[in-house]
Amino acid sequence: MNEEAHEEELEQSSGSARVATSDDIEVGTYLEIAQKETLTGDRENVPLRTETIVILDFGSQYSRLIARRIREANVYCEIIPWNAPPDILHEQDVKGIVLSGGPNSVYEDGAPLAPAWVFDAKVPVLGICYGMQLLAHQLGGKVEPGLHREYGHAVIHKDGQNIDLLEGLSGDIPVWMSHGDRIEDLPPGFRSMAYSDNSPVAVMGSSEQKMYGIQFHPEVAHTPQGAEILHNFTYRICGASGTWTPANFVTDAIHRIREQVGDGRVICALSGGVDSTVAAALIHRAIGDRLTCIFVDNGLLRRGEAERVQTVFARDLGVNLIFKDETERFLAALKGVTDPEVKRKRIGEEFIKVFEETANTLGHVDYLAQGTLYPDVIESTSADTTAAHKIKTHHNVGGLPERMNLKLVEPLRYMFKDEVRRAGVQLGISEQAVNRQPFPGPGLAIRIMGEVTHQKLEILRAADWIVIDEVKAAGLYEKLWQSFAVLTNTQTVGVMGDRRTYQHVVALRAVQSQDAMTADWARLPYDTLARISNRIVNEVPEINRVVLDITSKPPGTIEWE
Ligand code: XMP
């Protein structure tokens, strides 16, 4: 896909027009599904081979989106690099294989090809864009450079009758095209199943061999019937039955944890965020009291946060929890520090020290839990190895596993964020807790410009509380990626009653995003903005001015530091 098309797609997924996205809908549907299902536990001790669609990734930025679409249809889907060995065929019950798009042309020297095991596996195959050209090229057809490159909206028309892949779709199907090459000769046994003005073969296939190729992207929002095409492939052609439900992915995760940990002991650092909460709840379900959670109050949290975490874990979930209030220690480490990266470094170092000291009091421990999500896993194994330029250092428990001789247990390794949320609800964690906006590890320290002090923290906590309160009251909390206040290190003149004031300026930041890689400032209603501003200035005496941040990312970042 060219850059323009890509940008348009990004805009679609994270842009300002984000009224309701698939993410919002997913969470809604999720909750409904989750409420209907109960965790029966009857599969908990049975070795699982989950029915799976495998995506062979040839370097497309859309592989992840295809996986999400398939999982949204309740079929488990895994992405592996194009040159991976066929191990997955033994590990899972593979129902079908998708060959992704990619930047190459099949006739170039060194172009990546589908490995032979794909064709020997005797399961249906769907090639998308480059994947389609691979099918043609490797199965005896011919691919040539097209006269016109075709990017963007197109309409395809069904070519003939009884096309299982397009069953139930109208005759004219709007799609999102992105290709330069075209199929000149079909492979033996294949027929054209749809055409467009520019592509004599926009869909090809052989229902006998159960191999199909499509020239367009079914996974993007610009192909409105794309989900039906993927549904036809997974259910009608591959014969999947739809086992990837919240109840099953919780069961699956519990099973994997038990298998890995055996009768070992696990420690888990809680951050208060949804990932570590769900990871801990899953591990607790799997091994009970052999899990100990550690929550470090670094003094940089939002108002009420430390109490909330204690309530959720110790009271609601009955998890072994060690709570450490280390406010003074962290503030001492931050004394005089104004540089954002130094703040991060000091907080990270201090956290590791506290965590290690606490863990050392527990006797022998085998595992450290980590909330790694599926996108992190895909990124690290992706065919595309270009590392993104590091803008900010995000601290984690770096170096600790090696020093303490701990192995990692990562129960969310196969889940997307929305699945983590659904799993949380399934485990009995409140919707409020699973739908929380992300909060950075260094907390309010990177929302206070300049030195962090007790007094500034108190001022920011009061303003932050009002922002969240009003955003929730307006029904916007879950529609926003993040919403918060920033304490600038500027003071301005104001007038209250007859008195001149000289007080702090607070900035309001609210953004919409899908994954924090890009973000747009949220168009909050004027009424909500007015209420936030009035309340902050009236209720927090140290603040006399509220400004609104209207910068998107890029070029800005979400946090100010
Ligand atoms: P930026 O500011 O880079 O933020 O656009 C992207 C996302 O990451 C969060 N963030 C952090 N999270 N440690 C964290 O755990 C950090 O140092 C950190 N800095 C930013 C930010 O809240 C947003 O969701």
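Me: Which residues does Glu305 touch, not counting residues up to four places away in sequence?

Reply: Start with the term: a contact means heavy atoms within 4.5 Å. Leaving out residues up to four places away in sequence, Glu305 touches Gly272 and Arg436. Some ground rules: this is a predicted model, where local features need pLDDT of at least 70 and side-chain atom pairs count only at pLDDT 80 or more, while totals for chains, interfaces and linings use all residues. Residues are numbered from 1 along each chain as its sequence is written, and side-chain values use heavy atoms, with hydrogens and water left out.

Me: What joins the side chains of Glu305 and Arg436?

Reply: A polar contact of 2.7 Å. The term covers a pair of N or O atoms within 3.5 Å; within protein, one must be able to donate a hydrogen and the other to accept it, and residues adjacent in sequence count only if both atoms are side-chain atoms.

Me: Is Glu305 buried or exposed?

Reply: Buried means under 20% relative accessible area, exposed means over 50%, and partly exposed is in between (1.4 Å probe, protein chains only). Glu305 has 8% relative accessibility, so it counts as buried. Across the protein chain, buried residues make up 55% of the 561 residues.

Me: Where does Glu305 lie?

Reply: Helices are DSSP runs of H or I with at least four residues, strands are runs of E with at least two, and both are numbered from the N terminus. Glu305 lies in helix H10, residues 305-317. The protein chain has 18 helices and 18 strands.

Me: How many salt bridges does the count come to?

Reply: The general idea is that side chains of opposite charge can pair when their charged atoms come close. The rule wants a side-chain nitrogen of Lys or Arg within 4 Å of a carboxyl oxygen of Asp or Glu, and the count comes to 27 salt bridges. One of them joins Arg308 and Glu305, at 3.0 Å from N to O. Those two both lie in helix H10, three residues apart, about one turn of the helix.

Me: Which parts does the pair of Arg531 and Glu470 tie together?

Reply: The side chains of Arg531 and Glu470 meet in a salt bridge of 2.8 Å, N to O. Arg531 lies in helix H18 (residues 526-539) and Glu470 in helix H17, so the pair ties together parts that are 61 residues apart in sequence. Glu470 is buried at 5%, whereas Arg531 is partly exposed at 48%. Zooming out, a network of salt bridges links Asp469, Glu470, Arg531, Arg535 and Glu539.

Me: What about rings: how many aromatic pairs are there?

Reply: Rings of Phe, Tyr and Trp (its six-membered ring) pair if their centres lie within 6.5 Å; planes under 30 degrees apart are stacked, over 60 edge-to-face, and the rest tilted. That gives eight aromatic pairs. Take Trp244 and Phe249: their ring centres are 4.8 Å apart and their planes sit at 45°, so the pair is tilted. Trp244 is buried at 2%, and Phe249 is buried at 1%. Elsewhere, ring pairs link Phe58, Trp82 and Tyr130 into a cluster.

Me: Which ring does the charged end of Arg256 sit over?

Reply: A charge sits over a ring if NZ of Lys or CZ of Arg is within 6 Å of the ring centre and within 35 degrees of the ring normal. For Arg256, the ring is that of Tyr414, with the charged end 4.4 Å from its centre. Arg68 does likewise over Phe416, 5.9 Å from the ring centre.
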